[in-house]
Amino acid sequence: MTTPSASRRPRRALLRTTLVPAGLAASLVLVPLPTASAATAAGPTEPGSLRIHDVQGGTRISPQAGKTVTGVPGIVTGVRAYGSKGFWIQDPNPDADPATSEGVFVFTGSAPTVKVGDSVLVSGKVTEYYPNFNGGSQSLTEISSPAVTVLSSGNPLPAPVVVDTRNIPGTYAPRTPAGATTIEGLALNPEKYTLDFYESLEGMLVEVQDVRVIQATDKYNELWVAADKQDQKSRRGGVLYESYAEPNVGRLMVQQQAPAAQQPFPVANVGDVLTGTTSGPLDYNQFGGYTLVAGTLGALQDNHLQREVTAPATDRELTVATYNVENLAPGNPDGKFAELAQAVVTNLRSPDVVALEEIQDNNGAKNDGTVDASQTVAKFIAAIKAAGGPAYEWRSIDPENGKDGGEPGGNIRQVFLFNPQRVSFTDIPGGNATTAVDVAGTGAATALTASPGRISPADEAWVNSRKPLVGQFSFRGKKVFVIANHFNSKGGDQGIDSRFQEPTRSSEVQRIKQATVEQAFVAKLLAADKEAKVVSLGDFNDYQFSPALATLTKDGVLRDLVNELPEKEQYSYVYQGNSQVLDHILVSPEVGYAKYDVVHINSEFAQQASDHDPQVVRIKP
């Protein structure tokens with residue numbers, strides 16, 4: 001996996017991070033979930049002096065945080081009886097301030113007994129819940145440990161706020177002011193900043209109409225839609241993530257209030273449309289920021305997105321591909337092996353060389369010291385042959401146990417598959433998990449000191465991360481050096497919706513170090529032979545505009561082929577509704593002819609064999 005969202009459930013832990021004022025300063029405390037008896041305490045009988053907009057206030061932090069409020073009136077607009085149990089209420093009589101939300105979540109901790117349309121009075125403690133405090137998330141204002149009185153039922157709901165291009169601001173977030181650490185103390189400016197606009201609607205009924213799906217339905221019954229039609233559209237219907245400075249403003253996650261509601265959650269691919277109205281309270285969660293929790297779902301319009309097939313190669317073209325196969329192990333279902341194999345054979349047209357990432361050892365995530373992956377690779381090669389592909393041979397280096405990151409016990413590594421009928425592998429002894437590969441000879445005699453080998457495995461750049469695997473190949477008598485990569489993941493980075501603006505990308509530091517080490521190795525190879533043909537490819541876990549890729553391509557030792565695609569085709573992965581580049585193929589200057597293709601078969605589909613799209617390049621060494 002390549003993103004900070006590997007741990008997905010439960011949505012609420014047994015302890016909740018909340019902000020509670022202590023005198024004039026705010027301190028972080030852990031508050032136990034309320035018990036059922038606390039949620040059913042005797043309710044208020046009269047409205048108190050505060051309304052929901054007084055609870056929400058005009059900043060991200062409630063002016064009532066840590067205080068008990070009494071008799072807050074509202075209409076129940078949504079009920080959630082799973083995960084984070086509770087209900088939303090909204091005041092049908094709003095104030096005139098667009099910055100103060102009229103809705104709030106009431107956190108019960110047990111299945112709520114109220115119904116949509118109930119008019120209620122709520123007493124309880126105002127808390128600021130951080131779904132992912134350490135990850136930099138914003139907070140969600142809640143009333144917790146509630147006492148609730150139902151005054152009447154069947155009341156009309158407040159009209160939802162329509163969220164679309166007309167009212168979503170074009171600037172995503174304010175910057176943290178000088179002297180502050182977060183944007184939490186800033187007065188909300190919902191007409192200028194997207195995050196302020198969504199925060200001003202937190203807990204309120206919102207709706208989107210005829211919205212395009214920009215991230216497919218996942219196994220948790222979530223998808224993403226484009227509420228703003230002006231976000232940069234990909235060729236196949238997603239929205240492109242093109243720079244840190246300009247995040248797409250219209251992305252919203254859509255969930256459902258009840259998984260077993262009257263209509264099943266739509267199984268949608270990118271480019272499909274939720275026609276009509278999708279409406280519900282606007283929530284905020286760990287895995288996607290602002291989220292429309294739908295009580296009403298639009299109808300799915302299937303636009304029949306097709307999986308791509310790359311163009312055929314000529315006999316004189318060497319084809320080199322990369323594919324992150326997402327924690328492949330012998331214990332995975334046979335169907336996963338079959339789908340991945342079919343992709344290699346059909347969609348990639350059986351490349352001459354395939355660099356695989358995330359090949360696990362023979363017993364997968366069982367953490368018993370096993371590092372050998374021969375059974376994993378043999379099962380995959382057999383699946384490829386069964387799908388009509390070639391009898392691939394393979395090369396790799398087993399990592400040290402537990403030293404390369406990834407799923408504990410899995411010992412993921414890169415593996416070269418190659419078709420011996422088309423290309424030969426130059427075996428040079430000496431490569432192992434701890435020995436650094438070097439460059440020997442000059443000119444036409446330039447060679448690796450070990451093939452396969454690993455680049456500087458003892459360097460601090462590779463701590464708890466995959467070391468690049470280097471192999472020397474021969475195609476039609478021409479030497480080709482291939483580097484298979486899997487740089488460290490983005491785990492620990494603050495999200496683009498963070499309370500810290502701009503967010504800190506802490507994982508980037510290590511990738512820059514990794515890129516520095518690899519760039520120096522390629523530079524050394526080119527210093528020995530300026531005509532050396534080098535292909536560096538894999539899951540670099542970073543964007544084409546990132547400092548890491550700028551470092552890797554420094555001094556022109558490599559060029560990133562994704563930049564040569566039409567802009568609307570520059571993506572290989574979809575995360576939080578953003579179609580983005582994580583996988584790359586780079587080539588040295590003497591590889592002038594390079595026909596490059598990102599083959600979109602996974603990232604845009606609800607049914608995925610992997611979360612990454614593979615890539616392939618055709619070169620003439």
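Colleague: Before we start, what does "buried" mean here?
Modeller: A residue is called buried when its relative accessible area is under 20%, exposed when that area is over 50%, and partly exposed in between. Please keep in mind that this is a predicted model.

Colleague: Then what share of the protein chain is buried?
Modeller: Of the 621 residues in the protein chain, 58% are buried.

Colleague: And which secondary structure does the chain have?
Modeller: The protein chain has seven helices and 32 strands. Its radius of gyration is 27 Å, close to the 25 Å that the globule rule gives for 621 residues, so the chain is as compact as a globular protein of that length. Along the principal axes, its C-alpha trace spans about 90 × 50 × 45 Å.

Colleague: What about contacts between residues at least 6 apart in sequence?
Modeller: Among those contacts, 72% join residues that are at least 24 apart.

Colleague: Let us go inside. Which residues have the most contacts within the largest nonpolar core?
Modeller: They are Val 163, Tyr 198 and Leu 252, in a core of 34 residues. At least two residues of this core come from each of the following elements: helix H3 (194–200) and strands S9 (205–215), S10 (223–226), S12 (251–256), S13 (273–285) and S14 (289–294). The largest share, four residues, comes from S9.

Colleague: What does Tyr 198 touch, beyond its neighbours within four places in sequence?
Modeller: Tyr 198 is in contact with Val 163, Ile 168, Val 249, Gly 250, Arg 251, Leu 252, Leu 282 and Tyr 290. There is also a second, separate core of 29 residues, which includes Val 320, Leu 469, Val 480 and Val 581.

Colleague: Where are cis bonds found here?
Modeller: Pro 452 is placed in the loop between strand S22 (447–448) and strand S23 (453–454). Another cis bond joins Gln 501 and Glu 502, with omega about 5°. Glu 502 belongs to the loop between strand S25 (478–486) and helix H6 (508–528).

Colleague: And which residues other than glycine have a positive phi?
Modeller: Asn 221 has a phi near 60°, and Asp 555 has one of about 65°. Asn 221 sits in the loop between S9 and S10, while Asp 555 is in the loop between helix H7 (547–552) and strand S27 (559–560).

Colleague: Why does Asp 555 get the label it has for accessibility?
Modeller: Asp 555 counts as exposed because its relative accessibility is 66%, and the cut-off for that label is over 50%. Asn 221, at 33%, counts as partly exposed.

Colleague: Back to Pro 452. How far is its C-alpha atom from that of Thr 426?
Modeller: The two C-alpha atoms are separated by 8.4 Å, although the residues are 26 residues apart along the chain. Thr 426 is in the loop between strand S20 (424–425) and strand S21 (439–440). Leaving aside neighbours within four places in sequence, Thr 426 is in contact with Ser 451, Gln 472 and Phe 473. Its relative accessibility is 26%, so Thr 426 counts as partly exposed.

Colleague: What does Val 309 touch, not counting residues up to four places away in sequence?
Modeller: Val 309 touches Thr 346, Asn 347, Arg 349 and Val 599. Val 309 and Ala 187, by comparison, are 122 residues apart in sequence and 51 Å apart in space, C-alpha to C-alpha.

Methods:
Residues numbered from 1 in each chain as written. Predicted model: local features only at pLDDT ≥ 70, side-chain atom pairs only at ≥ 80, totals over all residues. Heavy atoms only, no water. Rg over C-alpha atoms; globule rule 2.2 N^0.38 Å. Buried < 20%, exposed > 50% of the residue type's maximum accessible area, 1.4 Å probe, protein only. Contact = heavy atoms within 4.5 Å. Core = buried A, V, L, I, M, F, W, Y, C linked by side-chain atoms within 4.5 Å.
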